[in-house]
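Biologist: Can you put the model up? I have a few questions about it.

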Amino acid sequence: MTAPETTGTSGPHPSAPRIAYRGSAATPRRPTSEPNELARHVKAWRLRLKPEDAFPGLDYHRTRRRRQASKELVATLTGCSVGWYSALERGLPQNYSDDFLNRVAYTLRLSPAEKSLLFFLATGHALAAAADESTMRSTPTIRRILEAQPWPAYVSDEAWDLVAYNGEMRKWFPWVAGHENNIMRWVFTFPEARTQLHRWDTDWAPQMFAQMQFAQARAPDNKRLAAVIDEILELNPDARRFKEQPLTYPHPDGDCRSLHLPLHRKVQPIELVAFAPMRAPGSRVMMLIPIESED
């Protein structure tokens, strides 16, 4: 799929995958020296991070006095145990999954070149790209429409892969320009989503999983959407629970929900407004419109 485009700001990394893949069958690489290149690079990438980098979902008050990001912090934001992350930083040969390495790359704020190096050093292979099945494309007109909005706005395709977004979307959700390119994968597999989507377990996740089920029923031959759902079910036990408790929910247009973003430092109520482009049935234009306080 063509990488999503943004207006008014630099676009996402061209190499950003639309989905992180599960463990590779490749044999883990053995350390060649002590410390080896993998250990040296991962540790250096962690130590260059500062608390003021505003990690998504981070409790600023508890970490205010830290001068560097700890292993514990990186592990928490990556969604893994400290021991598993520490094994990577020590350069130990393990079967690191592509999904895990993709999260580490995002948490450590790696550039596309650094992310590629991480994969080669840890697994000996590059991250494969998925086949493009999207019928939605970014155009200058669509980008103009998005940029004209004073609030976050984006276009996603049938499988919730980002196609385009505006500057406000990037400001509210910096990850869109980073290492994740799928809305649903971020919602269900990134730890920070549970904090930033206020009342994740009641107001966001059940409805969004139901949206995917509705979309799959409408387009059962969409392999891309099926792959996204399968991976979410494998990685997220809550998603498996939602599947067993089906909910009919075709779209979120008109819903009022809340966000708790590092940008705002407080809960921000929003209304979701959705449009469906006739040129690409199943795709959507989404706007996150802040609800102003009446007092």
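Biologist: Is Arg 265 buried or exposed?
Modeller: Arg 265 counts as exposed because its relative accessibility is 56%; exposed means over 50% relative accessible area, buried under 20% and partly exposed in between, with a 1.4 Å probe and protein chains only. This is a predicted model, where local features need pLDDT of at least 70, side-chain atom pairs count only at pLDDT 80 or more, and totals for chains, interfaces and linings use all residues. Residues are numbered from 1 along each chain as its sequence is written, and side-chain values use heavy atoms, with hydrogens and water left out.

Biologist: Where does Arg 265 lie?
Modeller: In the loop between strand E4 (256-260) and strand E5 (267-275). Strands are DSSP runs of at least two E residues, helices of at least four H or I, numbered from the N terminus.

Biologist: What is phi of Arg 265 near?
Modeller: Phi of Arg 265 is near 65 degrees, a positive value in a residue other than glycine. Most residues other than glycine have a negative phi.

Biologist: And what about phi of Arg 199?
Modeller: Phi of Arg 199 is near 60 degrees, also positive. Arg 199 sits in the loop between helix H10 (191-196) and H11, and at 53% relative accessibility it counts as exposed.

Biologist: Changing topic, what is the mean pLDDT of the chain?
Modeller: The mean is 83, and 79% of the residues reach 70 or more; pLDDT is the predictor's confidence in each residue, from 0 to 100.

Biologist: Where is the pLDDT below 50?
Modeller: Over residues 8-27.

Notes: Contact = heavy atoms within 4.5 Å.
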